Each structure stands twice: as structure tokens, then as C-alpha cells.
Amino acid sequence: MAIVDLVMPKMGESIMEATVLKWNKKPGDKVKMDETVLEIATDKVDSEVPSTAEGTITEILFKENDVVPVGTVIARIDNAAGGSVVALAPVQQAAAAPAPAPVVVAPAPQPVLAAPAGNSMAAIATDGNRFYSPLVLNIASKEGISMAELERIPGTGNEGRVTKKDILNYVADRQNGVVASQAAVPVVEQAVQQAAPVATPAPAVVSTPAPAPQPISGNVEIIEMDRMRKLIADHMVRSKATSPHVTSFTEADVTNIVQWREKAKIPFEKKYGEKITFTPIFIEAIVNCIRKFPMINSSLDGDRIIIKKDINIGMATALPSGNLIVPVIKNADTKNLLGLSRDVNALAKNARNNKLKADDTQGGTFTLTNVGTFGSLMGTPIINQPQVAILAVGSIKKRPVVIETASGDVIAIRHMMYLSMSYDHRIVDGSLGASFLTAVAKELEAFDPNREV
């Protein structure tokens with residue numbers, strides 16, 4: 001019997017674990033090469049895991065909703081005939097947690113102070129800028145780890161994030177006496193410190209518990225948030241808590257773009273087999289302006305400003321479910337209008353069909369969102385962390401405007417569009433933000449109406 005291990009694939013540079021959403025196969029089922037075995041989810045996107053061999057599923061090591069580290073064996077396939085079948089392992093959580101097994105430590109003889117009731121994780125919100133996944137918060141709550149204690153745990157994840165492995169290792173160390181629990185401080189410790197002056201402890205800050213759900217009455221419909229909606233909500237709240245948002249507005253006369261696209265869309269599709277939308281034209285203008293204002297293409301790491309040399313443009317895309325995802329056009333500054341169109345069309349199609357890969361949403365340095373798609377004139381978008389700016393374009397409307405000509409001012413019907421940009425005021429001041437936004441508007445207005453397809 002030749003057994004092939006199916007492992008949790010690496011889905012992006014910063015993704016260290018994924019959640020099993022659904023098994024499409026069960027022990028004993030036949031599977032072909034590249035056939036989907038299971039569906040998984042990360043904090044970025046849902047994905048399918050294909051089989052790496054043809055044969056029979058002999059063992060499934062994790063249940064649905066288990067969180068599995070990247071590189072862990074999740075199933076085994078017998079690619080030789082006549083392999084025996086092993087049933088689903090009954091203990092899954094132990095397999096999902098590679099950290100050392102908890103060690104039971106006898107309680108110390110001295111009395112201990114109990115942790116305040118208000119210190120439970122269920123009643124504490126993350127007041128700082130550090131992000132904690134729901135999984136980490138859940139483990140902290142079960143283990144009685146306060147928010148202050150959680151803040152001191154060093155994180156090995158992306159941008160110093162505390163991972164599941166970090167907190168499990170911390171719990172194991174605490175149980176082994178390597179670190180002291182904030183919730184269990186011996187009273188007799190004061191006797192050891194009598195020789196030294198005892199500082200008056202600062203009053204403990206206890207977070208107010210979240211209010212209990214209010215009774216709901218009347219003719220209503222209750223909809224539970226799905227997993228992606230919860231992630232989006234968490235990301236939006238974290239962004240507003242992290243970055244002081246400032247939004248600037250301007251408008252652009254995009255008549256040349258509208259007329260050129262109307263004239264070129266059929267020849268463009270016939271010649272290249274791709275539809276030409278406004279999005280790649282907007283991205284082209286943004287890229288040209290980022291070259292002039294590189295500080296817009298940056299992120300903040302503590303007191304260090306990291307200016308990104310690669311220009312990777314995220315485009316906010318609405319999914320059929322109503323949720324939002326931001327696939328990324330990598331190295332947009334190296335692509336012409338055709339290359340941008342191909343990437344935009346492919347990513348939008350994959351997003352609509354839930355075919356995006358995890359890497360498709362990684363590495364963005366600046367984001368474009370089209371709030372005009374559904375008729376909005378303008379919007380105040382929330383920054384896509386850890387970026388420092390996001391630009392929104394509104395719907396294009398015909399309006400009478402005053403145009404300066406050699407023979408004087410005239411009123412003409414023009415295609416006008418509002419642009420708005422939200423930016424992180426820790427890095428981007430008003431002059432830089434407004435200058436960049438104005439440059440994008442002028443770039444759009446300067447579009448060549450005679451541009452060849």
C-alpha cells in the first residue's frame with residue numbers, strides 16, 4: 001500500500017493556518033488527481049484543496065471547523081489498489097494543536113488572589129492597535145488570560161500577531177511555572193519584599209462588560225453573520241481603531257474616457273478577447289500618480305515608515321453574497337492597459353465564482369473602490385490595513401459645467417465623477433493627500449481621446 005499525505009497547503013506569505021469548512025470526500029471514497037477533497041477558509045478567502053494523488057481516501061485527520069496549521073497532514077490517500085480504510089480519528093482537537101500537552105501543576109500552599117470578574121476575555125475589547133483572531137481570544141478566555149496579559153505575549157505571526165501556537169505555548173509555559181499568571185499572584189509575595197519600599201499599586205482598570213442582548217420584539221427577521229461578514233466587520237473596526245482617517249474630495253471631467261471607451265470597447269474585445277472597463281483606466285492613472293507620490297504607497301511599522309517599491313493595487317469587489325473582498329493586481333506599474341484589463345477581468349470573474357486563491361488577496365499596497373457601481377456619487381472608504389490610503393470613485397453623471405475656451409467661458413454637458421480618498425493621518429498629511437488626489441483627477445482628465453486600441 002503506497003500512502004500519500006495530503007497536507008494543508010501554504011496559501012500566502014502571512015497565512016499560517018486555515019479552517020476546514022467542508023470535506024467533499026470521506027474515508028473509502030475514490031479521488032482523482034487535482035479533484036477537490038475539501039474546502040478551507042483563511043482570514044482572507046475561501047479555497048479548495050485538490051488531491052495530490054489518485055487513489056482512495058484512507059484517513060481524514062481533522063473535522064469540519066478545525067483550525068489547522070499550514071503544512072500539517074490533513075488526510076491520507078492510498079494510491080495503490082486494495083488499501084484498507086481508516087475511520088475518522090475520534091480526537092481531532094489534539095491533532096489540531098501541536099503545542100505540548102497541558103501539565104497539571106499542584107496548587108501552591110499560599111493563597112492566591114482571584115482575577116477580577118471583569119477581566120474575562122468575553123468582556124474585554126482590544127483597546128490597543130494589536131489584532132487578535134477570534135480563535136486566540138477564545139483560547140485566552142478559556143484559559144483565564146486577561147487582556148493585559150495577552151498584550152505581553154510576543155507574537156510570531158504577520159506584523160507581530162499572536163498566533164494559536166504562540167498562545168498555546170504561553171499557556172503551557174504558565175502551567176509549568178515558566179511565566180506567572182496575572183490572575184494568580186501569591187499574597188505571601190509581599191513578605192519577601194518588605195525590605196524594599198512597596199509601591200502603591202495603580203487602580204486596576206476593569207472593562208465594562210458588554211451589554212446583554214436586548215429582547216427583540218415586533219415583526220423582524222434575524223440573520224446571523226456568516227464567517228466572512230464577521231471577518232469584514234472585525235477588519236473595519238480594527239482599521240478605524242488603528243488609523244486616524246481623513247478624507248479629501250475632488251471631481252474630474254472624465255468625458256474623454258467615457259467617449260473613448262464607448263468607441264473602443266468593441267474593437268478592443270475583438271482584438272484582444274477582453275472587455276475594457278473603467279477600472280483598468282482608473283488603476284493606470286493611480287499608478288502614474290503613485291510614481292510621483294511614493295509616500296502614498298507605504299505602511300507604518302511602529303515608528304518606521306515602510307515605502308513599498310512594488311505597486312500592487314487592490315480592487316474592492318462585491319461578492320454575490322453581498323460580502324466584500326479585495327483581490328490584488330500585482331506589479332500594476334509594469335503592465336499596460338491590456339495587461340491591467342486581463343488581470344481585472346480574471347480577478348473579478350474568480351471573485352464572483354468563489355475561485356480566488358489566497359495569494360490573490362495578499363500584498364496590496366493601495367486600494368481602489370468603485371462606490372459608483374451601485375449609484376453612489378461619492379463615499380468615505382475605510383483604509384485596507386496595513387495600507388495608508390484608499391481611493392473611491394463615484395458614479396459618472398452628465399452635468400452642465402463651465403469650460404474655459406479661447407473665445408471665453410461656455411457651458412457644456414460633460415461626464416463628471418467625484419473622487420474621494422481616505423488616508424492615514426499618522427503618515428499622510430492633508431497637503432500630500434490632497435495633492436495626490438488632485439493629481440489622479442488631472443491624470444484622468446488628460447486621457448487621450450485619440451488613443452489607439
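**A buried glutamate, the cores and the salt bridges**

Glu 274 is buried (under 20% relative accessible area, with exposed over 50% and partly exposed in between; 1.4 Å probe, protein chains only), yet Glu 274 has no salt bridge. The nearest side chain of opposite charge is that of Arg 342, 4.4 Å away. A salt bridge requires a side-chain nitrogen of Lys or Arg within 4 Å of a carboxyl oxygen of Asp or Glu. Lys and Arg count as positive, Asp and Glu as negative; His and the chain ends are not counted. The model is predicted: local features need pLDDT of at least 70 and side-chain atom pairs pLDDT 80 or more, whereas totals for chains, interfaces and linings use all residues. Residues are numbered from 1 along each chain as its sequence is written, and side-chain values use heavy atoms, with hydrogens and water left out.

Glu 274 sits in the loop between helix H7 (255-272) and helix H8 (278-292). Helices (H or I, at least four residues) and strands (E, at least two) are DSSP runs, numbered from the N terminus. The side chain of Glu 274 makes a polar contact of 2.9 Å with that of Asn 345. Such a contact is a pair of N or O atoms within 3.5 Å; within protein, one must be able to donate a hydrogen and the other to accept it, and residues adjacent in sequence count only if both atoms are side-chain atoms. Beyond its neighbours within four places in sequence, Glu 274 is in contact (heavy atoms within 4.5 Å) with Phe 268, Glu 269, Ser 341, Arg 342 and Asn 345.

The chain holds 10 helices and 19 strands. Of its 453 residues, 39% count as buried. Among contacts with a separation of 6 or more, 65% come from residues 24 or more positions apart.

A nonpolar core is a set of buried Ala, Val, Leu, Ile, Met, Phe, Trp, Tyr and Cys residues joined through side-chain atoms within 4.5 Å. The largest core has 57 residues; Phe 366, Leu 391, Leu 419 and Phe 436 touch the most other members. H8 supplies the largest share of this core, 8 residues. A second, separate core of 18 residues includes Met 8, Leu 38, Val 49 and Leu 61.

An open sheet is formed by 4 strands in the order S1-S8-S6-S3, with antiparallel pairing. Strand S1 (3-7) and strand S3 (30-31) are the edges, each pairing on one side only. Two strands pair if DSSP finds at least two bridges between them. S3 is joined to strand S6 (residues 55-60) by 2 bridges. Val 31 stands opposite Gly 55 in S6.

The count of salt bridges comes to 15. Arg 414 and Asp 253 form one of 2.8 Å, N to O. Arg 414 lies in strand S19 (residues 408-424) and Asp 253 in strand S9 (residues 245-253), so this pair ties together parts 161 residues apart in sequence. Arg 414 is partly exposed at 21% relative accessibility; Asp 253 is buried at 15%.

In another salt bridge, the closest N and O atoms of Arg 451 and Glu 284 are 2.9 Å apart. Arg 451 lies in the segment after helix H10 (430-445) and Glu 284 in helix H8, so the parts tied together are 167 residues apart in sequence. Arg 451 is partly exposed, at 28%, and Glu 284 is buried, at 17%.

Arg 426 and Asp 424 also meet in a salt bridge, 2.7 Å from N to O. Arg 426 is partly exposed at 39%, whereas Asp 424 is buried at 1%.
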